[in-house]
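Q: Before we look at anything in detail, could you take me through the reading of this model one feature at a time?

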Protein chains: 2
Amino acid sequence: MDLHLETDAVEGRRAGLERALRDAVRGGRLAPGERLPATRQLAAELGVSRNTVKAAYDQLVAEGYLTARQGSGTRVAALPPADDSGPPEAAARARAPRFDLRPGSPDVGAFPAAAWLRALRRAIATAPSLAYDYGDPRGRIELRTALSGYLGRARGVIAPPERIVITSGYVQGLALLTRVLDGGVVAMEDPGLPFHRDVVRRNGGVVVPVRVDAKGARAQEWRDCAAVVVTPAHQYPTGVTLHPERRRALTDWARARGGLLVEDDYDGEFRYDRQPVGALQGMAPGQVVYMGTASKTLGPALRLGWMVLPPQLLDAVADAKLHSDHHTESIGQLALAELIDSHAYDRHVRACRLRYRRRRDQLLHRLGARRRVRGIAAGLHALVEVDDEARVLARAEAEGLAVGHLGEHWHAPGGEGRPQGLVVGYGTPRQRVYPEALEVLGKVLDGT
Amino acid sequence: MDLHLETDAVEGRRAGLERALRDAVRGGRLAPGERLPATRQLAAELGVSRNTVKAAYDQLVAEGYLTARQGSGTRVAALPPADDSGPPEAAARARAPRFDLRPGSPDVGAFPAAAWLRALRRAIATAPSLAYDYGDPRGRIELRTALSGYLGRARGVIAPPERIVITSGYVQGLALLTRVLDGGVVAMEDPGLPFHRDVVRRNGGVVVPVRVDAKGARAQEWRDCAAVVVTPAHQYPTGVTLHPERRRALTDWARARGGLLVEDDYDGEFRYDRQPVGALQGMAPGQVVYMGTASKTLGPALRLGWMVLPPQLLDAVADAKLHSDHHTESIGQLALAELIDSHAYDRHVRACRLRYRRRRDQLLHRLGARRRVRGIAAGLHALVEVDDEARVLARAEAEGLAVGHLGEHWHAPGGEGRPQGLVVGYGTPRQRVYPEALEVLGKVLDGT
């Protein structure tokens with residue numbers, strides 16, 4: 001029998017033989033009904049013990065590849081036709097742009113790898129064995145306690161640990177909440193991130209638009225819905241800070257109608273010209289679901305986020321989390337708790353704030369006073385007004401520059417006379433390529 | 001003005017003042033409409049600069065706690081009534097049992113902390129910056145490539161990397177799949193784990209039972225459903241290995257009806273008396289969704305699992321994953337890839353297999369030949385037949401012993417003449433307490 005028998009130290013002879021037999025059956029080299037050699041004969045051919053061959057035959061009988069009947073020996077089973085899996089698709093990836101000023105990511109080149117590794121080491125050194133078992137769907141108490149202090153101090157959030165649920169990022173928080181609202185109408189800012197609208201829809205929610213003007217989300221538009229999702233600190237993508245009147249109108253609405261406010265505080269740590277505007281949640285902790293993440297401060301890859309919930313939603317969200325993925329991975333949670341408790345997190349955020357502020361200043365300097373640039377007080381992106389998005393984008397593409405634009409953020413296409421602008425994510429590039437990316441952006445804008 | 005002003009190095013004076021003001025407004029010490037002292041006056045009182053006070057007032061105006069009107073100075077805003085959040089609930093935790101032989105967890109005391117930390121260090125040392133950004137919803141290619149080799153070698157799974165989706169554990173895989181089936185009928189083994197039925201229902205699926213007999217899941221019961229979920233290597237909780245006839249019947253059904261088989265290979269690595277029975281998936285990769293995890297081999301806390309998918313489901317599952325949580329945390333994925341590629345994972349699994357096999361042997365030895373113990377060829381639990389579950393459980397509880405039982409696994413209550421038994425999770429206890437736990441189990445059984 002012609003078997004391609006190759007074993008390695010890890011799998012051992014029997015496993016190697018089994019694999020070779022399986023492959024031969026699957027590949028058709030052993031035809032259905034074909035009788036296999038006697039164990040003694042194959043053992044001699046292959047230079048293995050008869051028991052090894054016997055065990056391999058038994059195994060493949062158990063798996064259904066072979067059949068063994070008294071008197072007729074061991075035969076290849078009548079295998080169903082091979083699956084037509086098709087060839088692996090050629091990964092049709094979009095070619096990476098030379099310069100990336102798209103919004104949504106921080107400079108991942110600034111990920112504090114050494115500090116994170118130290119935090120992991122301390123977390124693993126001090127974790128009790130039970131930390132490696134299934135845990136609380138709301139997340140580790142160590143992290144919830146650390147966040148409780150941090151969020152109060154840095155963002156004015158009223159966040160007792162028992163009201164926090166740790167998630168695997170903002171998207172998961174939004175998905176869980178939508179599912180808890182069970183098909184409810186969710187009002188979302190227009191313009192806003194299309195992906196987040198998709199997340200709500202895919203989890204059973206109905207999305208309605210709330211227009212955004214110079215004061216932020218417009219009050220009159222959220223009347224009849226279960227929840228309003230807003231980005232008060234730095235509206236995405238316009239960069240507007242929600243006006244105090246609107247903050248008041250929102251919380252009044254929520255109290256009067258029993259509606260829910262969802263505060264997406266995605267870049268609240270990064271405010272440049274004065275202290276961060278405190279979270280909306282601090283004014284109405286019974287009406288607001290506050291959501292933050294480590295995606296902009298550390299890196300999106302960690303998939304670490306948190307929700308601070310009104311008491312009436314706590315059990316439902318924890319239950320939805322349990323039935324989605326049990327709980328978020330524990331060791332990263334313990335490491336983040338270490339990082340916060342040791343103040344290394346604050347130090348890192350402050351260093352990033354300085355760096356991003358400098359980038360923002362460079363952006364403003366390069367674009368000059370003739371360009372109107374909005375949303376510059378905070379965050380990792382700014383809105384650069386232009387007359388004709390399409391023309392600017394075409395030029396940008398020709399220069400190898402990827403950049404966001406308002407047009408991709410509206411709920412519905414069309415809309416004559418809408419503002420137009422580039423959404424410039426100045427946090428995205430690595431530090432060393434930022435000046436060049438900025439230069440290309442400047443050239444593109446100068447030429448239009 | 002009586003402000004409790006305490007600042008620390010981290011937050012600075014202005015932030016400390018803001019917090020104190022916020023607390024005073026929230027706590028009612030500053031009443032709505034009350035006029036705040038002039039900035040110059042408060043600055044002198046507190047020994048801070050006037051700019052600091054001015055900035056703090058501005059900030060709280062922006063947040064809606066204060067109002068500032070030309071001519072009337074800065075006043076406390078008419079805050080809505082404080083939320084009645086109620087006191088934090090006393091955590092009503094079930095008291096931990098003295099001895100825990102419940103199934104479902106491995107010995108987390110055996111978590112290879114040093115090896116995992118080494119793998120994390122290597123992962124962080126070699127990861128490109130982009131590894132800290134958002135990633136592929138299917139997971140890191142490094143891990144999918146490592147798993148492709150491992151699953152082929154260890155479990156006979158046909159798993160090209162492009163067919164693998166990394167999940168945050170089995171529950172998430174089951175939830176994603178249920179959502180892709182979009183309300184379809186899912187047949188699940190009876191008895192089986194109630195939590196998994198809940199997961200299917202909570203994600204919109206309809207659950208129907210498939211009875212399990214001495215050969216495993218009964219073929220005639222899965223006729224009209226979208227998917228059948230089975231545990232072929234070691235049925236949970238009976239411990240039966242799916243008979244070759246049934247394997248064949250399942251794959252025939254799937255091919256003829258276009259049905260889907262979901263293979264929950266939760267403890268397939270742990271087979272004691274011969275090589276592991278290869279995965280069902282190897283016989284019908286176009287019909288089977290294979291799911292495995294690191295929960296039993298390393299620890300549930302890592303929340304790392306994998307699905308090997310038929311090509312026609314790949315895009316839908318990856319898309320569901322994207323809209324659930326973007327992707328699974330990346331650094332743990334890279335560490336597991338390191339662990340597999342360095343063969344440290346295989347070594348750890350082999351060491352665990354020896355340890356658990358010894359525990360199984362100790363269990364059999366202690367219970368003696370008079371007890372019928374089933375499902376002992378594999379896994380981390382065995383089924384110990386008893387005449388009266390309720391009586392045995394009462395005795396166990398009195399002895400401080402927690403143990404599973406068949407009764408909690410049926411789809412529906414009642415059912416006269418059903419088999420009765422304890423589901424003994426001999427993997428769960430720490431190594432040093434296992435002998436004592438076993439002794440208590442023996443006593444409980446001897447006395448009934």
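This is a predicted model: local features need pLDDT of at least 70, side-chain atom pairs count only at pLDDT 80 or more; totals for chains, interfaces and linings use all residues.

Q: Which residues form the positive surface patch, and which helices supply them?
A: A patch is built from residues with over 30% relative accessible area and no salt bridge, like charges being joined within 9 Å. Here the positive patch consists of Arg118(A), Arg121(A), Arg347(A) and Arg350(A) together with Arg118(B), Arg121(B), Arg347(B) and Arg350(B). At least two residues of the patch come from each of α4 (113-126) and α11 (344-367) of chain A, and likewise from each of α4 (113-126) and α11 (344-367) of chain B.

Q: Is Arg121(B) buried or partly exposed?
A: Arg121(B), which lies in helix α4 of chain B, has a relative accessible area of 37% and is therefore partly exposed.

Q: How many salt bridges does the whole structure hold?
A: The general idea is a side-chain nitrogen of Lys or Arg within 4 Å of a carboxyl oxygen of Asp or Glu. A search over all chains finds 51 of them.

Q: What does Arg153(B) pair with, and where do the two partners lie?
A: Arg153(B) forms a salt bridge with Asp346(B), and the closest N and O atoms are 2.9 Å apart. The pair links distant parts of the chain, since Arg153(B) belongs to helix α5 (residues 141-155) of chain B and Asp346(B) to helix α11 of chain B, 193 residues apart. Both Arg153(B) and Asp346(B) are buried.

Q: What is the accessibility of the partners in the salt bridge between Arg391(B) and Asp388(B)?
A: In this salt bridge the closest N and O atoms of Arg391(B) and Asp388(B) are 3.5 Å apart. Arg391(B) is partly exposed, with a relative accessible area of 44%, and Asp388(B), at 29% relative accessibility, also counts as partly exposed.

Q: Which parts of chain B does the salt bridge of Lys443(B) and Glu399(B) tie together?
A: The two side chains meet at 3.7 Å, N to O, in the salt bridge between Lys443(B) and Glu399(B). Because Lys443(B) lies in helix α13 (residues 434-446) of chain B and Glu399(B) in the loop between α12 (389-398) and β14 (401-405) of chain B, the pair ties together parts that are 44 residues apart in sequence. Lys443(B) counts as partly exposed at 43% relative accessibility, and Glu399(B) is partly exposed as well, with a relative accessible area of 24%.

Q: Which residues are joined into one network by salt bridges that share partners?
A: Asp273(A), Arg357(A), Arg360(A) and Asp361(A) are joined into one network in this way.

Q: Why does Leu438(B) count as buried, and what does it touch?
A: The cut-off for buried is under 20% relative accessible area. Leu438(B), in helix α13 of chain B, has a relative accessible area of 5% and is therefore buried. Not counting residues up to four places away in sequence, Leu438(B) touches Gln362(B), Leu363(B) and Arg366(B). Leu438(B) and Leu401(B) are 37 residues apart in sequence, while their C-alpha atoms are 9.7 Å apart in space.

Q: Where is Ser295(A), and which residues is it in contact with?
A: Ser295(A) is found in the loop between β10 (288-293) and β11 (305-308) of chain A, and at 3% relative accessibility it counts as buried. Leaving aside neighbours within four places in sequence, Ser295(A) is in contact with Pro106(A), Pro300(A), Arg303(A) and Leu304(A), and with Tyr134(B) from chain B.

Q: Where are the cis peptide bonds from Asp190 to Pro191 placed in the two chains?
A: The peptide bond from Asp190(A) to Pro191(A) is cis, with omega near 10°, and Pro191(A) is in the loop between β5 (185-190) and α7 (194-202) of chain A. In chain B, the peptide bond from Asp190(B) to Pro191(B) is cis with omega near 10°, and Pro191(B) lies in the loop between β5 (185-190) and α7 (194-202) of chain B.

Q: What is phi of His343(A) and of Arg303(B), and where do these residues lie?
A: Phi of His343(A) is near 65°, a positive value in a residue other than glycine. His343(A) is placed in the loop between α10 (330-341) and α11 of chain A and is partly exposed, with a relative accessible area of 30%. Arg303(B), which is not a glycine either, has a positive phi of about 50°. Arg303(B) is found in the loop between β10 (288-293) and β11 (305-308) of chain B and is buried, with a relative accessible area of 3%.

Conventions
Residues are numbered from 1 along each chain as its sequence is written. Chains are lettered from A and ligands numbered from 1 in the order in which they are written. Side-chain values use heavy atoms; hydrogens and water are left out. Patches are made of residues with over 30% relative accessible area and no salt bridge: like charges are joined within 9 Å, nonpolar side chains (Val, Leu, Ile, Met, Phe, Trp, Tyr) within 5 Å. Accessible areas come from the Shrake-Rupley method with a 1.4 Å probe; for residues, only the protein chains shown count as cover. Lys and Arg count as positive and Asp and Glu as negative; His and the chain ends are not counted. The place of a charge is taken as NZ of Lys, CZ of Arg, CG of Asp or CD of Glu. Helices (H or I, at least four residues) and strands (E, at least two) are DSSP runs, numbered from the N terminus. Buried means under 20% relative accessible area, exposed over 50%, partly exposed in between (1.4 Å probe, protein chains only). Contact means heavy atoms within 4.5 Å.
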